[in-house]
Amino acid sequence: MADLDLLTRSLARNVKRWRTERGFTLDMLAARAGVSRGMLIQIEQARTNPSIGTIVKIGDALGVSVPTLLDYERGPNVRVVPADRTVRLWHTERGSYSRLLTGTEALGPLEMWEWRLMPGESSDSDPHPEGTVELVHVTAGELTLTVDGEEHRVPAGASASFEANAPHAYGNAGDEPVRMIMTVSVPPAQ
């Protein structure tokens, strides 16, 4: 890849990353930087090579340096968590458990969990902050998902999503273990 192409792609990735991290919309960043929304779209899609003056304006608006915006050494932030480094936070003597597989700070915490629920067991959860969303995908068995007192059956291969700001529980009323992957997205603290 030519140096200019590399810098254009790096700028696209970094502007989008820092804009998202700062919680700016395209319109907000355009107003702060004094550049057009169209220009920002072209930059974030790596379709233009802006002047250094435009890059400086964008960097100032984001509160980051020009070298940070043009940094191509770091690349996308990838974190691989080996299986032996996951964290088991809940378990029972009969073999039910939840493991935190990975997490990150998006605009707020974002976590991915692996769960196993043995027959007849359940785990209750208090309401999370307003705006928290959970996604579950059942890989074995049938999950009984109870949200605000209402039960929902989620069989193997099916998924569910729900607003988690109400009491909720994960249960196994069947005779085989339930296995599921769950993702939790919590809004940023205000």
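At what angle do α2 and α4 pack, and how far apart are their axes? The angle is about 110° and the axes are 8 Å apart; axes here are lines fitted to C-alpha atoms, for helices over the stretch in contact, and angles run from 0 to 180 degrees between N-to-C directions. That makes α2 roughly perpendicular to α4, a term for angles of 65 to 115 degrees. Helices are DSSP runs of H or I with at least four residues, strands are runs of E with at least two, and both are numbered from the N terminus.

This is a predicted model, in which local features need pLDDT of at least 70 and side-chain atom pairs count only at pLDDT 80 or more, while totals for chains, interfaces and linings use all residues. Residues are numbered from 1 along each chain as its sequence is written, and side-chain values use heavy atoms, with hydrogens and water left out.

The contact between α2 and α4 (heavy atoms within 4.5 Å) is made by Leu29, Arg32 and Ala33 on the α2 side and by Lys57, Ile58, Ala61 and Leu62 on the α4 side. Five of these residues are nonpolar, none is polar and two are charged. In this classification Ala, Val, Leu, Ile, Met, Phe, Trp, Tyr, Cys and Pro are nonpolar, Asp, Glu, Lys and Arg are charged, and the others, Gly among them, are polar.

Helix α3 is another partner of α2: the two pack at an angle of about 110°, with axes 9 Å apart. That makes α2 roughly perpendicular to α3. Leu26, Asp27, Leu29 and Ala30 of α2 meet Arg37, Leu40, Ile41 and Glu44 of α3 in this contact. By class, the contact has five nonpolar, no polar and three charged residues.

Helix α2 itself spans residues 26–33, and its residues Leu26, Leu29, Ala30 and Ala33 are buried (under 20% relative accessible area, with exposed over 50% and partly exposed in between, for a 1.4 Å probe and protein chains only). They lie on the same side of α2, because they cover an arc of only 100° around the axis, taken from the directions from the helix axis to the C-beta atoms. These buried residues pack against α1 (3–22), α3 (37–44) and α4 (52–62). The face turned away from the buried side carries the exposed residues Ala31 and Arg32. Just after α2, Gly34 takes a positive phi of about 75°.

Conventions: Angles under 35 degrees count as roughly parallel, over 145 as roughly antiparallel, 65 to 115 as roughly perpendicular and the rest as oblique.
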